[in-house]
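Trainee: I would like to learn how to read strands and helices in a model like this one. Please show me.

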Amino acid sequence: MARNLSILALALGALCLAGPALADSNELAPPDIHWSFEGPFGSYDQEQLQRGYKVYREVCATCHSMNMVAFRNLGDPGGPFWDPKYPNPNDNPVVKTIAADYQVADIDRDTGDAIKRPGTSADYFPAPFANEPAARASNSGALPPDMSLLAKAREGGAAYIYGIVTGDTAGAPHGLIVPVGKYYDPYMAGDMSAFWKGDPARTPIGGFIAMPPPLIANKVAYDDGTKATLKQEAKDVAAFLQWAADPKMEQRKQMGLGVMIFLLLFSAILYASYRKVWESVGH
Amino acid sequence: MAGRAAAVGARLAREKENKRGELKVAESLAQTASDPSLGAPDPSRRDFINIVAVSAAVGGAAVVAWPLIDQMNPAADTLALASLEFDLSKVALGQEVTIAWRKQPVFIRHRTPKEIAAAVADDHAPMKDPATDASRTKPGHQQWLIVLASCTHLGCVPTFAQGQYGGWLCPCHGSVYDTSARIRKGPAPKNLFLFDYKFLGDTKVKLG
Amino acid sequence: MSGPSTYEPKWAIERWLDARLPIVRFSADLMSFPTPRNLNYWWTFGGILAFCLAVQIVTGIVLAMHYDASAAGAFRSVEQHIMRDVNYGWLIRGLHATGASMFFLAVYIHILRGIYYGSFKAPREVLWLLGCVIYVLMMATAFMGYVLPWGQMSFWGAKVITNLLGAFPLVGKTITTLLWGGYSVDEPTLNRFFSLHYLLPFVIAAVVALHIWALHVPGNNNPTGVNVKAKTDTVAFHPYYTVKDGFAISVFLILFAVFVFYLPEALSKADNAIPANPLQTPPHIVPEWYLLPFYAILRAIPDKLMGVLALGGAVLMLFILPWLDRSKVRSMRYRPTARLYFFIWIVACLALGWCGSQEPQGQVIPGIAGPTLIDYDINSVTWLSRIAALYYFAYFFPITFFLGVWEKPLPVPDSIYTPVLPHPPTAAIAEKG
């Protein structure tokens, strides 16, 4: 038995050493940053989420929708405006104020006309454009993706988003022909060989993105006085988007801790029980 | 010769011992293996560890069962629509509106002083479900009567300002309600149901 | 072994029921079933699989209470409603999605156990065939289940795999149109996949019942491959193997919990968090990990129809294994040569799995470019798939076939019991006997 297992282990080891050849990575790997929510005990930093929300609100929401997030979610446990005094987020005054600042589409109950009314906590973040063709028309044919799940929908998650919004600020290297309406970003996937006029062995990695660099230093004034450097803004909005994609992370990790402790103890108890049951029988 | 015989005898005796020993082992194994009830723990003396194991399993199962049941409770988006704020300035004196709240119909009636007086006068009249008009309105806002618009008989929506008391008449089976939505005639057993609401100022009410 | 029941009802009410519907007798017989005393932990995966099936059915039924099977509403019903609003929705969805992967992990170990110890050989051929049927049903169920969230990978995976059926000459196009219910994967396809995904697990449960019945006729195999000869070779299933299976399930749950609570996205693709877009193909379409080896075999063959036939053939090999392996010795414990080839086969399957996850033109050893042969560089993922696929088929025929005839196995023990007891009973208890 042990011999068989060791043969198998050796074979597997050989396979692993052969190395999983990386898929032709034609973009920069997402930057390795420390996030408050990484690891089995990570959690969201509420102040960072508030700053990130501000960046979303003032910069990103102009073009990007977030149609799976409702205003009340901002007041959920783990969210940017969670207040233990208001366990029901629909009562949270900050949430209600934020919602009321938005104009949400609705119909007039008396006339049936399409109107805009102030939002309530039950409403979802309204989209900046009425539909996809309208969004494309305002963005040179490109569709700004919805941000509700963006951190889950991209390999690398928050780190990828951070890379994208900081990567395109440096501008394209000399010799790269950048099409009109596009911007070079080393973190974006793509193939630059057709656009590179320099030494083919030094073709830059990365791709083109239709979004102009969205952030610059001090584009947003933080309420808590944190210095709004480009990196800070990028980090905060990436953390906020991670929360938007995975609002239940904290509950999940907490429950996970309890479950793991229970299962480890339970396995130990069951093993003891197993040994007890079998002690009178040879096998 | 005798020595060899003795040695053989000793060997045989030893073998017999071993055989007996083996037989004993075999017997005990046979007993435990072939007789499931012997192999199973004596029911009258369950091992402590087995009890602990079963209890832990039951406890774990209960903890697992809770989310599977709780998921059927109203989800967060349903709960978010639990409250509704309504602008009362839309309802003229003597009129009522029927609006949807938690997917149910609700009457919001702006009563005239005559209707209020008629309701109060009947406070102690004989009726199936006695109630005073004051108990069915909020102090300082007696002109507003807010009730569920579901007839307490079988759920139809009664028609406004019909029936001899000027309240409502249910077209399905003829229940008659007065201006305080109390059942006066007909098969319905109870007055139109009240529910939680709060006035936010004079022109706004929060239902639920 | 299946024989007359020796159960005696204890209470009068039990006797009454026993004369009308002997379910208590039935469960008592299951619990007292004589099971070989030397089964090792590889035998716990049957119980683990039954547990996984129960988890999938329970979580699936609960999810179906909240799921909207329309093309317009499916994605939102999963990612917005279930994941965010339904109480514990995120947990139940995580259990179901991760549970599918755990189900396949367990089934692969269970299958490998069966091959290694010769559990597929006479008189257990029907048991093995039923197991293969369960495996195919599992693949169909999992494939349809993955389509339901209606993400990019759901849609495009469905499109690619259903297009495979179009490879068949004459009837191909008719079959795909029938399957799609339209001119492409769309709303009708989603609706019928939901209906069938709900149905098949109950079909699986029925086949599992037959599988356990077929097991109980000859009884369990055991690591020596030697038949049970005496009562002393066995112990009652309860409590000996109920507690062992319970312990194994508990350890299995630890792995399950690590994925559900700490690595929920590790087993799925990021692209499936993007709503399905019929007009835009994702750059890299891959099925879930448990289907990757077959995907690699499919892609290895340059011809579309031959690729589909190779995929079918790969599954078919499992079905005909009992008739390919002619060895009189069941367990590979006593067949060292067969064991070696078997381990290489496992490595080939793992290699195929890895290949399936890569782009076909990807390099196996980075940086080296070799000659091109049949459209692909020798150092490409495709050529590794071809070689591994060749070994996959070769393992069944000719390797297993001829090994069965030519191999000289190690001596097989006479019986399960005395000569092969690595863990004798504790001396004190033996003394008492």
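**Sheets and a helix pair**

Mentor: In chain B, strands E5-E6-E7-E8, in that order, form an open sheet of four strands with antiparallel pairing. Strands (E, at least two residues) and helices (H or I, at least four) are DSSP runs numbered from the N terminus, and two strands pair if DSSP finds at least two bridges between them. The edge strands, E5 (159-160) and E8 (183-185) of chain B, each pair on one side only.

Mentor: This is a predicted model, where local features need pLDDT of at least 70, side-chain atom pairs count only at pLDDT 80 or more, and totals for chains, interfaces and linings use all residues. Residues are numbered from 1 along each chain as its sequence is written, while chains are lettered from A and ligands numbered from 1 in the order in which they are written.

Trainee: How many bridges join strand E6 of chain B to strand E7 of chain B?

Mentor: Three, between residues 166-169 and residues 176-178, and the two strands run antiparallel. B:Gly166 stands opposite B:Asp178 in E7(B).

Trainee: At what angle do helices H11 and H14 of chain C pack?

Mentor: Axes are lines fitted to C-alpha atoms, for helices over the stretch in contact, and angles run from 0 to 180 degrees between N-to-C directions. H11 (292-300) and H14 (381-406) of chain C pack at about 110 degrees, with their axes 9 Å apart. That makes H11(C) roughly perpendicular to H14(C), a label for angles of 65 to 115 degrees.

Terms used:
Angles under 35 degrees count as roughly parallel, over 145 as roughly antiparallel, 65 to 115 as roughly perpendicular and the rest as oblique.
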